[in-house]
Structure formats: C-alpha cells, structure tokens
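Thanks for coming. I will go through one model this morning, starting with a sheet and then moving to the helices and the cores.

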Amino acid sequence: MYLQTDRHRTAIRPLTDGRLVSQAAALVGLSAWSCDLATEQLEWTDGVFEIFGLSHDTHFERRDTVALYHEESREIMLRLRAQAIETGSGFSMEAQIRQPGGEARWLRLAANTRVENGRAVQIYGMKQDITQERLQWEQLRRLAENDPLTGLGNRARFQSEFLDLPAGSERLSRIGALAMFDLNDFKAINDRWGHAAGDACIARFGERLATAFPGARLIARIGGDEFAALLPATMPAATLESAVRRRINRLVTRVEWQGTLIPIGVSAGLAFIDGSPEATFAAADAALYAAKRSGRNVLRVAA
C-alpha cells in the first residue's frame, strides 16, 4: 500500500515490533491478559498488576482476583464470561474493583475466546484503568442532574426519575407519594435582605429537607423556591401523611444569615401515586396552591 504525497510515494509496512505495540498501548492505559481455561492459569502484562494493586511476586489465583470485583460488576462479568466461553465469542464491559488496600478503581474490560477444534481453550483480552474517566463523567453528571445551590436534584433529574416514568412501571411502584414544598413570601426575603440572603435560605431549606426525609427516593429543587420529594412506598398512606405534617415544623425555623435570623414559612402539597406521574404531579401541585391560600406552614393532601 502506498500514500501519494507532494514529494514522493511512501510505503506503509505492517507493524510487527511487539515492544512498540506495548509502548503505544501503555499510552492509553491498555494492558493485556489471558486465562487458560483448562488450568485457570492467568497471564498479565504489568499494567493489569497495577490496576488490581498487586505486586508481581504476589501469589494469587483467579478466584482471588474475581473477589476484588464489586459485587454487581462481578455478577455481570461472570455471566458475560460464561456466555462468551459457551458461544466462542467475546464481550466488553466497565467494572468496579477494590484493591487489597481498599482503593476503589474502575476498569474497562474487553475479552475474546480462542476456540480449537470446536472447544474453547483460552479467554483473553485487554484491561484499561478508566478511574479518572469515570470521575470526570460523574462530575459532569452531577453538574447536569444536580442543583448547584442546594446540591439536590434539579428539574431535569426530577423529570427523568419521575415525570418520564410510565404508569405501572416497577420504578414508579417504589414511590408512594409526591410531596411538594414552596417557601412563603420568598420575594419579600429577597427584597428586604437581598438575593444573597435568599440564596442562603434556599440552601438551608434544601439541607433541612434532605435531613427530614432521609429515605426519600429523590429530593429536588424544581423551581426558584419550589421543591419536590419522592417518598418511598414502604409506609402506609396515613403514616406518610403524618410524617410530612410532623416534619414541617423542622423546616421553618429561622435561617441565620450574617447575624440576622430570617423567618421562613412553607406550604406543602401531598399526593399519593395514583395513575400516571403527570396526574400525581398535577394533584400535588393543586394541593400545594390550596395550602398557600390557607396560610403559612400548612399541608394539604390531594383528594
């Protein structure tokens, strides 16, 4: 094969230098491994030892390394491995492991099966440390799904984890009720003490919600001074309603800001899951506005 350039024709030769291949793979953290299926004997390049936090002179067997996988990743890996061996195929996945010293790492695993005379004799592939990549992805995900002021979920996350769920879905069945909260006269706080004080009240109220409902499936800031909590389906309706009523008083103690105690009030609407998420949201929203018309620190429950 030739490439035509302005000055001359250059031949491209197949790359056969194994050392160069290894050096290039190391640039992106790729390391090779293999396992003899008859003996379970493992062979690793240096990078795999580093990923698992094991020294080259450590005596270990395959089951010892499998035990380092996080439980969920281990179950997936073993299932995919068995399928690959049975069908003579390959697989790829991302897995979480914990090194013997306790440090959690993420790796990308690619595997293929070598078959001789119709029988799988070896499984082999590449491993790549993607811990930093996962950390960066998690940071981006938090920025996309969390409210920057409170650290709670944002409207987009509320949409994906509740409003977009189909009626009758398993995820929806784990939610017992939707509670919505709105700070009373929040504009007056901004007008009197300034927006920095208003932000402090929003942030503190978010902290209180998270503390008051630790078992909530999600707590989100869905508007300027409006919050939503997805309460679990593990308690009867009457118990959920009673819990919300009791905890309102914890939410409305004054917020200290620059030596000033700022009073806050809250209205709350509660709706139990009945049908679609959109219908539940509309019912909770209507109950919230009924509570706002009734006065400060009031809960109304959708009929």
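Two strands count as paired if DSSP finds at least two bridges between them. Helices (H or I, at least four residues) and strands (E, at least two) are DSSP runs, numbered from the N terminus. This is a predicted model, in which local features need pLDDT of at least 70 and side-chain atom pairs count only at pLDDT 80 or more, while totals for chains, interfaces and linings use all residues. Residues are numbered from 1 along each chain as its sequence is written, and side-chain values use heavy atoms, with hydrogens and water left out.

Five strands make an open sheet with mixed pairing, in the order 9-10-8-13-14. Strand 9 (218–221) and strand 14 (298–301) are at the edges with a single partner strand each, so one side of each has no neighbour in the sheet.

Now strand 8, residues 175–184. Strand 8 pairs with strand 10, residues 226–232, in the antiparallel sense over 7 bridges. Across that pairing, Met180 is opposite Ala228, and Ala179 is opposite Ala229. Strand 8 also runs antiparallel to strand 13, joined by 8 bridges. There Asp182 stands opposite Ser267 in strand 13. How many of the residues of strand 8 are buried? The count is 10 of 10, where buried means under 20% relative accessible area, exposed over 50%, and partly exposed in between, with a 1.4 Å probe and protein chains only.

Next, the cores. A nonpolar core here is a set of buried Ala, Val, Leu, Ile, Met, Phe, Trp, Tyr and Cys residues joined through side-chain atoms within 4.5 Å. The largest has 32 residues, and Phe181, Phe205, Leu209, Phe213 and Leu231 have the most contacts inside it. Elements that each supply at least two residues of this core include strand 8, helix 9 (195–212), strand 10 and helix 10 (237–251). Helix 9 gives the most, with 6 residues. Another core, of 25 residues, lies apart from this one, and Val48, Ile51, Phe52 and Tyr69 are among its members.

Helix 10 has 15 residues, which at 1.5 Å a residue should span 21 Å, and its end C-alpha atoms are 21 Å apart, in agreement. The expected span is 1.5 Å times one less than the number of residues. Buried in helix 10 are Leu240, Ala243, Val244, Arg247, Ile248 and Leu251. Their cover includes strand 8, helix 9, strand 10, strand 13 and strand 14.

Thr253 counts as partly exposed because its relative accessibility is 41%. Leaving aside neighbours within four places in sequence, Thr253 is in contact (heavy atoms within 4.5 Å) with Arg208 and Ile264. Its C-alpha atom is separated by 6.9 Å from that of Pro263, 10 residues apart along the chain.

Last, helix 4, residues 71–87. Which residues of helix 4 are buried? They are Ser73, Met77, Leu80, Arg81 and Ala84. Just after helix 4 comes Gly88, with a positive phi of about 70°.
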